[in-house]
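Me: Can you walk me through this fold? I'll ask as we go.
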Amino acid sequence: HYPLRRQRQMCIRDRGLAMMRLLYRKRPIRRVAFDIGSGGTKMLVADVLPEGGGIVWPALLEVDTPVPFKADQQAHGRLSEEIQQRGLRVLGQMLEQARRLGAVEASAIATEVFRVAPNGGEFLQRVHDMLGLKVSVVTQPLEARLGLASAEALDVRQPGSSAMDTGVDRIAWDSGGGSFQVHLPPLSPSLSLLLLSLIHIS
């Protein structure tokens, strides 16, 4: 009976290890996300469930600091050294806050002004070199999709709502410091024309 008993013990041990691995994979990861916009820089620190499980609300920290990149670019034709230094200082302070809260992963996006400014890419490279933060410049269509995802995430924070509710069509309006996006669900031709006319006159 000894080999059988040992086999059972090994089976129980392996099952326990498998359960521990499963629980570890489901543990939230503390992340920080940055949105470097045309008029301000936003930061969100939150615990995120792995494998697309979503954010654990409430978030640990949300910060929105005005940094007028677009106004500066319009005034100078490019991003001035002054605004770049200000942007780097704000991001550095935010990163330090995130580290103190225990964030172990980071992601960052940049929007309109960094698509059009002649030295927008150079500034983002400085961010990477000086702060270790890799920033992706998003396209305008992707901005619209991110606006919809943000609206859905906020909706989930309301009691009784769910981002998985496919029976609800959502329209997201995202008016930023340098661009404007609208994300529409599939609509009938007449409703599409009506909505577009409302967009035109508003």
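Reply: Two strands pair if DSSP finds at least two bridges between them. Strands are DSSP runs of E with at least two residues, helices runs of H or I with at least four, and both are numbered from the N terminus. The model is predicted, so local features need pLDDT of at least 70, side-chain atom pairs count only at pLDDT 80 or more, and totals for chains, interfaces and linings use all residues. Residues are numbered from 1 along each chain as its sequence is written, and side-chain values use heavy atoms, leaving out hydrogens and water.

Me: ok, how many bridges join β2 to β3?
Reply: There are 9, and β2 (residues 40-49) runs antiparallel to β3. V48 stands opposite I55 in β3.

Me: And what's the strand order in the sheet?
Reply: β3-β2-β1-β4-β5, an open sheet of 5 strands with mixed pairing. β3 (54-66) and β5 (136-137) each have a single partner strand, so one side of each lacks a neighbour in the sheet.

Me: Switching to helices. At what angle do α3 and α5 cross?
Reply: Roughly 40 degrees, with the axes of α3 (residues 81-100) and α5 (residues 120-131) coming within 11 Å. Axes are lines fitted to C-alpha atoms, for helices over the stretch in contact, and angles run from 0 to 180 degrees between N-to-C directions.

Me: Which residues meet there?
Reply: Contact means heavy atoms within 4.5 Å. From α3, the residues include L88, L91 and L95; in α5 they meet residues including F123, V127 and M130.
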